[in-house]
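Subject: Structure handover

Hello,

Here is the structure we discussed, followed by notes on what was found in it. Please read the notes with the coordinates open.

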Amino acid sequence: MCHNQNMEEPDIFRNYEKKGYLNTDFQMFYLSDKEPKEFENHYHEFDKITIFLRGKVTYIVEGKSYELEPYDIVLVGHHDIHKLYVDKSTRYDRIIMYISPEFLERYSSQQYQLDECFQKAKREHANVLRIAKLSESKLYQVVMELKQTLDPGRSHEEYARELYLRTVFLEFMVHLNRAAIGEKISYVNTNICNQKVVDIIDFINANLTENLAIDFLAAHFYMSKYHMMRIFKEETGYSIGKYISNKRLLRAKEYIQEGMPITQACYTSGFKEHSTFSRAYKNLFGESPREMRKKKFL
């Protein structure tokens, strides 16, 4: 469930489409790179947490840019478009967690939600958490335990290692959420972004089923449509049309996986024509909605 520093991170950064696969509840990696990398825009179908340990890294999530400091915690929800720049002058060390949303839901109850930190990140419009006083933070202590447990020099033959990893991971999630709820950790606001692009992204995600034609968006945001399209592509790596289509398809896929009929998922996610939806779905996911549904419910 963990990788050592001589192993490559899973091949998830070649182009800005869906990257990475998660076939278990969660995976954790301790990664350390010497080589400079520029990771392009991409998204996952699982939630991702990065604990930044060392290096010079700029992390960009849905148009917002963050200059990371040691022990910053980056929250990237499933379907969030993100990329990062890594300075070539220093080693980049981090702990990465890939988490199934269903796993977090399974460990939640009416009294608490284990994905509250992700929900709050969306409410706060911020994706990076910063621990104010490391030495006094229980969360920081758990992070250090994670770091020690995942250290590549540590034996992988320890008694009940997989069970212990799960235990430490759940302890981390509990303390992360406690810190977020109790405001013992701050959601980092960033001014390193094009606020207009962030506003457009927020509007699109809040209104996926509505009319999102380019002319309408340009009028709504009082912009030239050509200027709007240019700055959106510069900031996200996507055309506006591609971004909207992908977000609608991802939402439709969730609906279908939850058992919604395909035709209903098509229209509920914002598509107006079933044939257009089916072609776009297969182009993005490599299989038709019907094929995916058949595999899901075998």
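The cover over the buried residues of helix H2 includes strand S3 (47–54), strand S6 (73–76), helix H1 (101–106), helix H4 (161–181) and strand S10 (185–187). The buried residues in question, within H2 (residues 116–124), are Glu116, Cys117, Phe118, Lys120 and Ala121. After H2 comes histidine 125, which has a positive phi, near 55 degrees. Please keep in mind that this is a predicted model.

Overall figures

The protein chain contains 11 helices and 11 strands. It has 298 residues, and 48% of them count as buried. Its accessible surface is about 15200 Å², with 48% of that belonging to carbon and sulfur atoms. Among contacts in the chain with a separation of 6 or more, 76% are between residues 24 or more positions apart.

Cysteines

How many disulfides does a search of the whole structure find? The search finds zero. A disulfide is a covalent bond between the sulfur atoms of two cysteines.

Strand S4 (residues 57–61) is mostly covered, with five of its five residues buried. Val57, Tyr59 and Val61 lie on one side and Thr58 and Ile60 on the other; both faces are covered.

S4 is paired with two strands that can be checked in the viewer. With strand S7 (residues 82–86) it runs antiparallel, joined by five bridges. With strand S5 (residues 64–67) the pairing is also antiparallel, over four bridges. Isoleucine 60 takes part in both pairings: it stands opposite lysine 83 in S7, and its bridge partner in S5 is serine 65. S4 and S5 form a hairpin that leaves two residues between the strands. In that turn, glutamate 62 has a positive phi of about 50 degrees.

Threonine 58

Threonine 58 is a residue of S4. Its relative accessible area is 15%, which is under the 20% cut-off, so threonine 58 is buried. The side chain of threonine 58 makes a polar contact with the side chain of glutamate 67, at 3.0 Å. Apart from neighbours within four places in sequence, threonine 58 is in contact with Ser65, Tyr66, Glu67, Lys83, Leu84 and Tyr85.

Helix H3

Helix H3 covers residues 138–150. At the N-terminal end, serine 137 caps H3: one of its side-chain oxygens lies 3.2 Å from the backbone nitrogen of leucine 139.

Which residues of H3 are buried? They are Leu139, Tyr140, Val142, Val143, Leu146, Thr149 and Leu150. As background for reading that list, an α-helix has 3.6 residues a turn, so residues three or four places apart point the same way.

Regards

Note on methods. Residues numbered from 1 in each chain as written. Predicted model: local features only at pLDDT ≥ 70, side-chain atom pairs only at ≥ 80, totals over all residues. Heavy atoms only, no water. Expected span 1.5 Å × (residues − 1). Buried < 20%, exposed > 50% of the residue type's maximum accessible area, 1.4 Å probe, protein only. Polar contact = N/O pair within 3.5 Å; in protein donor to acceptor, adjacent residues only side chain to side chain. Pairing = 2+ DSSP bridges. Contact = heavy atoms within 4.5 Å. Areas by Shrake-Rupley, 256 points an atom, 1.4 Å probe, with all protein chains shown as cover. Disulfide = S-S within 2.5 Å.
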